[in-house]
Amino acid sequence: MMRNSWLPSVFNDLFDTEFMPRTNATAPAINVIESDTEYKVELAAPGTKKEDFDVQVNDEGNLHIKLESKTDHKDEDKKSHYLRREFSYTKFEQTLILPDDVEKEKIAAHVDNGVLTIDLPKLAPKEAPKVGRKVEIA
């Protein structure tokens with residue numbers, strides 16, 4: 001299996017770049033898996049649901065992932081008439097530069113148990129045109 005040069009340059013500095021600084025100190029963990037037919041990106045964000053995510057391929061052909069989740073828990077103690085509110089807010093955005101061999105029209109995503117999985121199918125390898133032929137001598 002051929003290793004692509006985009007992995008180290010994109011994913012080593014994934015959360016700490018000038019262009020896309022980390023917006024949350026507890027940024028989600030990301031796994032990248034490569035097979036012969038696809039790349040798979042997994043982003044772990046426990047407690048999230050599919051409505052919290054926005055995944056797009058932008059005008060430059062890069063993958064843009066956005067996570068925004070807000071929860072508001074209210075607990076009222078009947079004995080002391082005390083109202084406690086707990087706010088939890090998570091915001092994360094990341095743009096990934098996709099390799100040239102990704103078939104961008106067939107990118108798919110789903111969320112299962114707080115893990116966003118993005119399937120990035122590879123383009124089918126093109127066969128080289130046959131160039132062998134008999135050359136006639138004039």
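**Fold, sheet and core of a predicted model**

Q: How many helices and strands does the protein chain contain?
A: This is a predicted model, in which local features need pLDDT of at least 70 and side-chain atom pairs count only at pLDDT 80 or more, while totals for chains, interfaces and linings use all residues. Residues are numbered from 1 along each chain as its sequence is written, and side-chain values use heavy atoms, with hydrogens and water left out. Helices (H or I, at least four residues) and strands (E, at least two) are taken as DSSP runs numbered from the N terminus, and from that end the elements run α-β-β-β-β-β-β-β. The protein chain therefore has, with these DSSP runs as its elements, one helix and seven strands.

Q: Which strands stand at the edges of the open four-stranded sheet?
A: Two strands pair if DSSP finds at least two bridges between them, and the antiparallel pairing here gives an open sheet in the order S1-S2-S7-S6. Neighbouring strands of this sheet are turned by 15° against each other on average, direction ignored, where axes are lines fitted to C-alpha atoms, for helices over the stretch in contact, and angles run from 0 to 180 degrees between N-to-C directions. Because each has a single partner strand, one side is left without a neighbour in the sheet for both edge strands, S1 (29-34) and S6 (108-112).

Q: Which residue in S7 stands opposite Ala109?
A: Strands S6 and S7 run antiparallel and are joined by five bridges. Across from Ala109, the residue in S7 is Ile118.

Q: Is Asn31 buried, exposed or partly exposed?
A: Asn31 lies in strand S1 and, leaving aside neighbours within four places in sequence, is in contact (heavy atoms within 4.5 Å) with Lys40, Val41 and Glu42. Buried means under 20% relative accessible area and exposed over 50%, with partly exposed in between (1.4 Å probe, protein chains only). The relative accessible area of Asn31 is 43%, so Asn31 is partly exposed.

Q: Which residues touch the most other members of the largest nonpolar core?
A: A nonpolar core is a set of buried Ala, Val, Leu, Ile, Met, Phe, Trp, Tyr and Cys residues joined through side-chain atoms within 4.5 Å. Of its 17 residues, those that touch the most other members are Leu43, Leu63, Ile65, Ile118 and Leu120. At least two residues of this core come from each of the strands S2 (38-44), S4 (63-77), S5 (82-96) and S7 (115-121).
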